[in-house]
Amino acid sequence: MTPTKSSRALLLLLSAWLITTGCINPVNEGERPCPCAAGWTCCPEEQVCVADATRCRLPKPPTASAPSAPRAVEVTPAVRAATLGWSAPEHDGGGPITGYQVDVDPIEVGMVVAVDGLTAEVTGLRAGATYRFTVAARNVAGVGASVSVASVRLPDVPSAPVGLAVERGDGQVRVTWQRPPSDGGLPITGYVVTAHPRGVSVAADGVEATAVVPELVNGEATTVTVRALNAVGAGPESAPSAPVVPARRPGPPASAAAAPGVRSMSVSWKAPDDSGGLPITGYVVTASPGGARQEVDGATTSAAFTSLDDDTAYTFDVVAVNALGESAAAAAAGLTPGLPGAPRDVEATPGVRSLTVKWSPPALDGRVPLTGFTVTAQPSGVSVDVGPDAREATLEDIPSTKAQTLTLTARNAVGVGPVLPAGTVRARPAPVEVTRLELIPEEGGCRHLSYDLRQPDGEHANILVEVDTDGDGFFTRATQAGATMFSGLLRLTTSAQGIQHIFRWNRARDVPGATEAARVRLTATVPGTVPSMRTLTVALPATPRRCEVDYDSSRVQWVPEDSSRTAYDMTSGDFTGDGKPDLMVSHSGSPGISLLKGMGNGGFDRPVTSHTTLTGQKLSSGDLNQDGVLDLVAVDVVQGTGLYLHAALGVYGGLLQAPMTTPLRSGGFSYRSTTPLVRDLDGDGAPEVVVAQDSELYVLRHTAHGAFTEVGRYFAAAGGQALGGDFDQDGLRDVLVVGRSLQAFYGRGLLAFTPVWLGDMAGLMESVISAVSADFNGDGAPDIAATVTTDLEVRIEVRLNDGTGRFGTSQVVHRYDRQGWDESRNQLTTADLDGNGTQDLIHVNWWRDVVSLLLGQGDGTFTVQERPCGRYQERVVAADFDGSGEADLGLLSVESRSVRVLQNFERPHRIEAGDEFLTADFDGDGWDDVASVVGDSGVQVHLTRATGGMVRKGPFLAPRGMLDIVAGRFDAGPTVDLLVLTLTQSLTLLRGNGDGTFAPGESLVSGFRPIKMAAGDIDGDGDLDVVFTDRRPDSGEVPSYDVRLLRGAGDGTFTVGAVLATHSAVQALAMGDMSKDGRADLLVLRRVHPAFELGIYHGRADGTLAKERDYSPFGVTCSASELLVHDLNADGHMDVFVSCERVTTGTGAVGGVLPLWGMDGPWFNPRVFQPMGAGARGLAARDIDGDGRQDLLVTSQSGDALCAFTSEEFGDFQERACFEALPQANIVLPLDLEHDGITELLVGGASPHATLLRPR
């Protein structure tokens, strides 16, 4: 560190002083002040360091002087005193200290200073005063310097406490405060707390700044002061606290009471006797139950509670409130009024669009007077209110279309009591009105009857149309003609404004001739009401035309038309809403369900796919959602997967919405399902669905959109068909399961059932396949009938109800031998077939070609009729399909997919017409007769007579093995001959005698193996020539056939011509003037994949046939079978029709006819293929409807049917009409059997039995 100028100057001065004083003789510059370093000596007097100690000066003798001031003076204040202490002065002045002098400023009177050595005690001072203390030492030289301690304050009493806070109490106060700002210099030892004005004081220690002052008066305003204490004494009183009033919570209110009102309670009370010393500021009232709470001010002594529960006991706790809180509760109790009870003894009576309800008053009025009653009907929503004294009410303008659920309620000031279900009642409908009736002119044999139906609720009405032919007052039922666009007769729609309908009348059938004053009467009836009639008088001219094609045999329709599919089940109902019964049929095709629209004449339109995939082999129908349109229900058993219920809601027009599936169970091993029962079981108008499968019974209620909810599941040991009805006659719907045992589920209301086992229905090795219920003996109780199968037989048994839901012993009403291994393919149903008011039974079995009709006698017995019905009939339904007023039968053949309608017990008229028949005038009377082959016996002829009978002639001998016959004038004589083709390698001529008999046969050619033949004049010489197919002898296992020509000589002999062609197969030969030159041309039909080929040969004047060309239709896959050449459209060109046993289309395989309209060339114009749904076979043409146009007739061997395609203008065809024929329907022959200009049809040709179809 570098010395500064000031430090260097100080060193110089010190050195100079040392030199001048002589204390130090510097030897070197190392001399310095004490303390000294090693080797140096400190001169005590001079306090400098020298190297040589002798150089230090010797001390001078001391000289006495006054001492210095005492040191370290301390003053300790005390109570009105002070204690001083100090240390001796640093310098005693050279003489001993002889004492000390203590001075106090200011001096107090009575003050005493006592000095003791180095301490002094000063007393007599004032507390809290401030003093100056001075201390000086004395020696021989005198009093030395003094030292003072100023501003010494003595301890004082504490100051007054601050921040007083007083809390009231019951007869006391609790005081808290803050310590005084000053404790006076000494610790606070306690406090004195005084309450004013009572002057009550309490002491508190100096630790806690709180105290309780007792013995005060509640309600008296009190202030509190506090004094602090220390060793000095009590300090001043604090400022008084804020006034506080000692108090406590009030006592409970007095005289609490509750007065009940409607959903309310008025609570009152009086002020408490003890207010607690404070004003009552309010009251709190709490209700229990519910916890409702009200607060009122202290001047109010009541409270009103509203929105309370009816008929409820309430307790109200009332507490008084002052500034300290709530009192104990005073309780008041009350019971609110309740709703009245339900009326009793309710009885509902329906009227015309009205319902009258009677009742007795309820047993309980709810503790307040009744104010009235309300009766309501739902779903109409009509309601009526009456006074408290009323005991009945009538509801007007009640729609009758739906059952009304009636409810009755009583009411009082509280409100409406519980709803009493008064039952489900349907008002009686008002009659329908026929407001207009008009006959619309129409060409042909049909007439349209237009009319309007008006009914206020839109109830469905049934129609009866009758005709009085000559105006004599005798009316007969009019025949309904078939149509899909016109209204039927059953359940027709009405409205309050009126809805137009049109009835298509088969006038030609009912009134074929002219009449000037025919009367047409239309009767409309809503069931249960008075009929409404309207009559129209009209003049009708004669009509040669028929209204429609209709023969006395069952109409036939195929569904699906695809022959590769299988039908399963059907259900009937008016699905289209046009007043005519339709059929819904389930099948294996896509989408699995098809609609057959009823035509109203016993027939059906072609099937319409529903565009809805609905699986399930057992069908039922019902209006599930009550919209007036039938819905479809199907049960589906999927082996090993589960049991399912499918439902598709119907849409107007017969369409179905997408189905909803309700799983009933998973797993299971049933191989067949049972038909679901669709029945209103709870009386609300909407049907429930019951499924009995195996050992379980499911009861399901429709919810929405085809979905169901299960409302009950029961163990059903019977494991059979579920039937519905009031079996125990208690007014509630029951369910009966008929299987090997009989089990009843008696209804107990609200879809609850009591199961009761009623015993065995069949033996151990027997099965119950089908069952129905109906009243067979007229006692009003439903009986049951069932089909029971054993190893040996099939029985139909009836059990009669005893009126209590129990059934008597089985009565066998029909039995037959078992005919197949699977006798489950049968069905039993019931209907009133003969219109005598008793229920009949109908039974079909897949193994039998008959339907069994068991006609009820009204006493539980039956007479049995059996009617041929076609093959493989398995399902049957009953409905009035033809509008005749009587039930018809719809029969479903599962194998052939055909539906046949059995009308009025009609059966196909069977005659022994023989095989391979044809028609010609064999007796010269100008009318067609029939010739046919009689086995190996020869040829027979049936001569027609105007009486409708047929006279048999023959048989006339011919060689054995006859395959074909052709009629014609082969010998140029006036009579018709027969040319017979046989397997004995010959053609035999039977010359006609003109009276229906023939000369013995003449063998014309031999050495051939002819199969088919056709005759025609190929050279225009007037003599018939013959073309036949000859099986070549060298053809081996794969045969081949020559087409040969035989030229007729005009005398019954023929010359063998050349081979025209050789083919592996020939389906048919036909001859006709294709080139319009007056000569017959030849057409050879043969199958060529994928369709067929027509070989066309032109007849020449030289008697030869020249190959014109081969023709094959483009884009057709027809398995051809027969050929017809005929100018059907009357345009001068010969047309060709080819029957197809099978045509493959994009949707499947069907049978039908392919028309080829003739053109110049000859060329052909293929027209629209006419499907049949079964394989087409024989062909013929005849005007069968009297319109002057030739119609097409086609047989179906596989479908056992004859179909008529009636012609329209421009070569089009109307929709086919098909009729049942006996099996082996190969040939159709039109003939006028009764010589009346009306065409009958003879169908058969492959067996001795033929079907004669007569027009209705």
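Reply: Let us begin with a residue in a strand: S151 lies in strand β10, which covers residues 142-153, and please keep in mind throughout that the model is predicted.

Me: What is the value of phi at S151, and is S151 buried or exposed?

Reply: Phi of S151 is near 55°, which is a positive value in a residue other than glycine. Exposed is the word for a relative accessible area over 50%, and because S151 has 60%, S151 counts as exposed.

Me: Where is R367 found, and how is its accessibility to be read?

Reply: R367 is found in the loop between β27 (354-360) and β28 (370-378), and its phi, near 70°, is likewise positive in a residue other than glycine. With a relative accessible area of 46%, R367 is partly exposed.

Me: Which residues does the cis peptide bond with omega of about -5° join, and which the one with omega of about 15°?

Reply: The bond with omega of about -5° joins C34 and P35, and P35 sits in the loop between β1 (32-33) and β2 (41-43). The bond with omega of about 15° joins G954 and P955, where P955 belongs to strand β74, residues 950-956.

Me: Which residues form the nonpolar patch on the surface?

Reply: The patch is formed by V651, Y652 and L655, which together have about 300 Å² of accessible area. V651 is placed in strand β48 (residues 650-651) and, at 34% relative accessibility, counts as partly exposed.

Technical notes. Residues are numbered from 1 along each chain as its sequence is written. This is a predicted model: local features need pLDDT of at least 70, side-chain atom pairs count only at pLDDT 80 or more; totals for chains, interfaces and linings use all residues. Side-chain values use heavy atoms; hydrogens and water are left out. Patches are made of residues with over 30% relative accessible area and no salt bridge: like charges are joined within 9 Å, nonpolar side chains (Val, Leu, Ile, Met, Phe, Trp, Tyr) within 5 Å. Accessible areas come from the Shrake-Rupley method with a 1.4 Å probe; for residues, only the protein chains shown count as cover. A salt bridge is a side-chain nitrogen of Lys or Arg within 4 Å of a carboxyl oxygen of Asp or Glu. Helices (H or I, at least four residues) and strands (E, at least two) are DSSP runs, numbered from the N terminus. Buried means under 20% relative accessible area, exposed over 50%, partly exposed in between (1.4 Å probe, protein chains only).
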